[in-house]
Amino acid sequence: MNLLSVENISKRFGERVLFEGVSFGLDQGQKMALVAKNGEGKTTLLELLSKEQSPDGGAVTWRNGVSIGFLNQKDEFDPDLALKQLFYQADSDISKVIEEYHQAMQDANNQDRLQRALNKMDSAKAWDYEAKIEKLLSVFEMGDVSLDQKVGTLSGGQKKRLSLIKILLDEPDFFILDEPTNHLDIPMIEWLEEYFSQENITLFMVTHDRYFLNQVCNQIIELDQGQAYKYDGGYEYFLEKKALREETQAAEVAKAKNLYRKEVEWMRRMPKARGTKAKSRIDQFYDTEKKAKQKQKEDKLQLSIKSERLGGKIIELHHLRKSYGEIKIVDDFSYTFKKGDRIGIAGKNGVGKTTFLNLILGKEDVDGGKVVHGETVQFGYYTQKGIELKGDKRIIEVVKEIAEVIPLEKGRKITASQLLERFLFPPKQQYTYVSKLSGGERKRLYLLTILMSNPNFLILDEPTNDLDIKTIGVLENFLSDFQGCLMVVSHDRAFMDRVTDHIFHFKGDGLIKDFPGTYSALIEKNKKEAVTEKASKPAKEEGKDKPKQDNQAEKLGYMERREFNKLEKEIEKLEQKKEELTASLSDSKLDSDELLSRSEELGQLVEVIETKTARWMELADRA
């Protein structure tokens, strides 16, 4: 069943043609990835499909009744909105049923209203919706976030994951995804791979994660110099067929050039009286001219900037310690960097990877131990946030503010304009304002400013986010030849496997292990350890199922589940306090007033424990 048809669409901005004549279609269950260089219109094409923009020509046609979910990089929610409001604000039937149920729970004395709400919840299978919220919050490591919490209190990464959770909850017929794996760690990415690989899910996406693309997509469409090329297969198949296409095109252009030279001579000699045959040949001449003047040489990003010589002493970490309150980031970690070190940094989000980089750079103070820098170390630090590139400046001005002449290897020098050309910013584009650049082009310009400082110790924090696959490949080649030291934080498995040879694995609670192998090998090792650990645990005895009394006894809402888990912890703490208070009453040093005060406190504490225990038992029976 066809869900989407795209026929000969085109889009231009001013004189610049992004693409034209783009056609493709998607049936239910098909999964297509869009591949293109930064600035060639990937995001624009996604916005055309999602109806946020209209094409200049052609048509985008959706099957009647198809629901579309669009995950973009610009999603913003009202910061004053509570998560609960966000999840239930949709006008869908299921949201109305759940809202009615929550209102009925507030009016518990009206049993008829509550029963009607419970029946509707059962009929609409709304209990699954609440369970799904709980599951997705857990999968994306937001299980500790309260549903009453405001969106504005979340971190940047949590907000991005919230956008993903929202679209997964909506379960649209068709997913349009712009870089879905950004800000996710490996377990989350693997969960997404499994989810989107389901047969009934249809999607169209942009991603720089080649492993993710290969696992999920069965079709690829490439935008290249304004034209679209479709491939039926995964990423490896795409690379093979793309190389074959470029080889064929090069041969066709060479043939057209030879023919063009002959036809130019004919055009010069041709008499003014032109018959029908002559006019036909003239038309063919212009077609040949167009093909002969096609760009044969593909732009190549060149990274050959000189790096300073690195001395014998680089960086030494001696018994490093860093904590924030009770949260340990680094606990007694030591390491001596050697020439040519290529270290990946891996671990879940929030374990302190970026903090660790800042400790090495001296941007944050250590709590214990010390960081010793060698005299010749010249850092180049590429951060997730990047630098503030002023939108009212032109690209050439940004570079010239750093240096007008840049030293290369072997004593050579180039101008700022020549360097920009090497970074795929042609002369015409160099006078474009920064505000007009795509997200990936901004990242490429930022990378250029980092390398202009001639670093010999590169630290890259999520460098592949927003870069296109081609630029990532070129960056990999550059880093493979880079003579200095390298540290990389990234969730891009293919990138990490290519550029690093051992991994600092942040296991949590300040523990860092140096793993001698690739990122993929570390992931497999962790999986095997998890399976072994699970198998070694004694199986829990299964209790007999209690008979179900009625619909209300069978179900716990999301908020009640949270209350149930919270009560368990609270009762445990209160019981501990009760034991301490009871023991203190036997202290002979207490005077009569203090003894009376503690006895009253103990009595109040017992009442609180009894009340909470009764509520816990009520929820336990229903759970």
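Me: Does α5 pass α6 in a left-handed or a right-handed crossing?
Reply: First, the ground rules: this is a predicted model, local features need pLDDT of at least 70, side-chain atom pairs count only at pLDDT 80 or more, and totals for chains, interfaces and linings use all residues. Residues are numbered from 1 along each chain as its sequence is written, and side-chain values use heavy atoms, with hydrogens and water left out. A crossing is left-handed if the near helix is turned anticlockwise from the far one by less than a right angle, and right-handed if clockwise. For α5 passing α6, the crossing is right-handed.

Me: And is α5 roughly parallel or roughly antiparallel to α6?
Reply: The axes (lines fitted to C-alpha atoms, for helices over the stretch in contact, with angles from 0 to 180 degrees between N-to-C directions) of helix α5, residues 126-139, and helix α6, residues 156-170, come within 10 Å and cross at roughly 150°. Angles under 35 degrees count as roughly parallel and over 145 as roughly antiparallel, with 65 to 115 roughly perpendicular and the rest oblique. So α5 comes out, relative to α6, as roughly antiparallel.

Me: Is α6 roughly parallel or roughly antiparallel to α7?
Reply: The axes of α6 and helix α7, residues 186-196, come within 14 Å and cross at roughly 20°. That angle makes α6, relative to α7, roughly parallel.

Me: Which residues of α7 make the contact with α6?
Reply: The crossing of α6 past α7 is left-handed. On the α6 side the contact uses Arg161, Leu164 and Leu168, and on the α7 side it uses Met188, Trp191, Leu192, Tyr195 and Phe196.

Me: Is Phe87 buried or exposed?
Reply: Phe87 sits in helix α2, residues 83-88; helices are DSSP runs of H or I, at least four residues, strands are runs of E, at least two, and both are numbered from the N terminus. Leaving out neighbours within four places in sequence, Phe87 is in contact with Tyr129, Ile133, Leu137, Leu147, Leu162, Ile165, Lys166 and Leu169. Buried means under 20% relative accessible area, exposed over 50%, partly exposed in between (1.4 Å probe, protein chains only). At 0% relative accessibility, Phe87 is therefore buried.

Me: Which residues touch the most other members of the largest nonpolar core?
Reply: A nonpolar core is a set of buried Ala, Val, Leu, Ile, Met, Phe, Trp, Tyr and Cys residues joined through side-chain atoms within 4.5 Å. The largest one has 99 residues, and those touching the most other members are Phe87, Phe140, Leu168, Phe196 and Leu445.

Me: How far apart in space are Ser67 and Asp170?
Reply: Ser67 lies in the loop between β4 (57-62) and β5 (68-71), and is partly exposed at 32% relative accessible area. Not counting residues up to four places away in sequence, Ser67 touches Pro172, Asp173 and Phe174. Ser67 and Asp170 are 103 residues apart in sequence, while their C-alpha to C-alpha distance is 9.3 Å.

Conventions: Contact means heavy atoms within 4.5 Å.
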